[in-house]
Every structure is written in structure tokens, then in C-alpha cells.
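Here's a friendly tour for anyone meeting this structure for the first time. Take a look at it, and then we'll walk through a few spots together.

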Amino acid sequence: MKAVVFAAGIGARLKPFTDHHPKALAPLAGKPVLGHVIDKLMAAGADDIIVNVHHFPSQIISYLSENYPHVGVSDESALLLDTAGGLAKIYRENAFRTPLLPSEPVIIHNADIFTDFSLCGMLEAHKEGRATLLVDPARKSSRELLFDEKKMIGWRNVKTGMVRPSGIETAGLQPAAFGGVHIISGNILAAVDEYVGAELTPCSIMDFYIDSCAKIDIVPFTPVSPYHWFDIGTPEKLSAARKSVENQ
């Protein structure tokens, strides 16, 4: 099974650590958070994993070669492509070790998300031809995904009131915060590549989801059992994650 880890971000909010290191190598419970993500993916059955890199790429490449030599790298040193752009680069370069089948699931995980829910339940819920997104209806976020009883209908910026797609009726829709973990099928990855366009430029996967939700089933997944979830993007949030892990 294939997986992609987004580890190319600059990590401006995690200074001063990111003045000299990539955010993905921030230490947590005895190893970099990137190691926790890769271990989680491997435990779920992923054996064809690619990590994208941009900020201090040599440090991540060195870490992978020493600890996970089977994991591939998509190098965005020349241009940070954002999430959809990064996926398109992987798709266009056939970067996976084996050919990607249209029906094959691809797990996508942000490197700055530390969470302990089992991916197996999410994989069981995922259906071919869909995108399955980890969401939390209870967590507050300034940007919300909006769902009806079956799938994603749109997106809302809580601070500005902006809603996308423009003109959708939001009454009765369920808001939820995106958790930085999603599963798509190979044919959806092909659609992402087409969405990015002929020129490989920075583009967000969330823009793809918003603009595609009327024609692609983008479904929510929330673990049934309680779980921990941390965005380690700031020193304060990283400290909170460390305290939680130490107290377990």
C-alpha cells in the first residue's frame, strides 16, 4: 500500500527550531515526529512511502537513509509546491516503487500531526473512488469543512464568513475541523494532477477538495474510540504533545 508524508513545510511558527532544522524532525518521545508518522503508516500496511522535502532537505534525507532506507523522497528544494502540487509531482514522476493503480488507496499524512488513532479503521471505511478525510466535529478551527449526512459540501472561513463554493446553502450542514490525514484512490490522485494544470506550480489539496466536492465523494471519518491529536506546528503545541505522551 502507498502513502505520502507532507514534510516540506518551512515551519515558520516553530521557530527557533526551524531556523536550523525541518519541522518534521522536531523531537517527540525519543524520535522525530516524522518517525512516528512513518511507523504509524507502516503499522497500517503501507510499504511504498514517499516523503516530500524542501526546508533543510538534506537533514530529512539523511534521517531517512539511516532509519527508513526503503522510504522514497520527492525533492521540492527548487520550489515548494504546497500539497496538491506536491502530489502532482509525485504522480507525474511515477515516484512510487510500483505502478499506482486507479483503485489503489494512498494514505496522505501531514508530518506535523501527531495522533494515535488506528489507521486500519479509516482504511476499512474508505471506498474506491472517494477521498476519506479525518475530521473532528468537536474541535474548533478558523477554517471548517462542511458536510451533509453523506459527504463534503463546502468550506467556511469562520473569521471572515467566506464560504466556498460560492452560493452554497450552509443551513443544516455539519462543520468539522480537518485533521491532516486523508486517504484517496489512485484515480483521485490523477484528478489532483489534472487540477494542478500543465505547469507544475504551488497548489493546495484543500482547494482541490473544495472545487471538486460537487463531483467527487469526499467523506468524513471520525474515529469511534477516543484518541489523541496534536498539531506540533508551534513550540507551545509541541510541548503539549510531549507532555501528553510522557503522561501516558
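Let's start where two helices meet: helix 3 and helix 5 make a left-handed crossing, meaning that the near helix is turned anticlockwise from the far one by less than a right angle (clockwise would be right-handed). Helices here are DSSP runs of H or I with at least four residues, strands are E runs of at least two, and both are numbered from the N terminus.

A quick word on the source: this is a predicted model, where local features need pLDDT of at least 70, side-chain atom pairs count only at pLDDT 80 or more, and totals for chains, interfaces and linings use all residues. Residues are numbered from 1 along each chain as its sequence is written, and side-chain values use heavy atoms, with hydrogens and water left out.

Back to the crossing. The axes of helix 3 and helix 5 come within 8 Å and cross at roughly 110°; axes are lines fitted to C-alpha atoms, for helices over the stretch in contact, with angles running from 0 to 180 degrees between N-to-C directions. That's why the two helices, helix 3 and helix 5, count as roughly perpendicular (65 to 115 degrees; under 35 is roughly parallel, over 145 roughly antiparallel, the rest oblique).

Helix 3 spans residues 82-92 and is mostly covered, with eight of its eleven residues buried (under 20% relative accessible area; over 50% is exposed, in between is partly exposed, using a 1.4 Å probe and protein chains only). Among the partners of those buried residues are strand 1 (2-6), strand 4 (48-53) and helix 6 (205-212). Just past the end of helix 3, Asn94 has a positive phi of about 50°.

Now for charges over rings. This label applies if NZ of Lys or CZ of Arg is within 6 Å of the ring centre and within 35 degrees of the ring normal.

| Charged residue | Ring | Distance to ring centre |
|---|---|---|
| Lys2 | Phe96 | 5.7 Å |
| Arg139 | Trp229 | 3.8 Å |

Finally, Phe117, Phe221 and Tyr227 form one aromatic cluster, where rings of Phe, Tyr and Trp (its six-membered ring) pair if their centres lie within 6.5 Å, with planes under 30 degrees apart stacked, over 60 edge-to-face and the rest tilted.

Conventions: Contact means heavy atoms within 4.5 Å.
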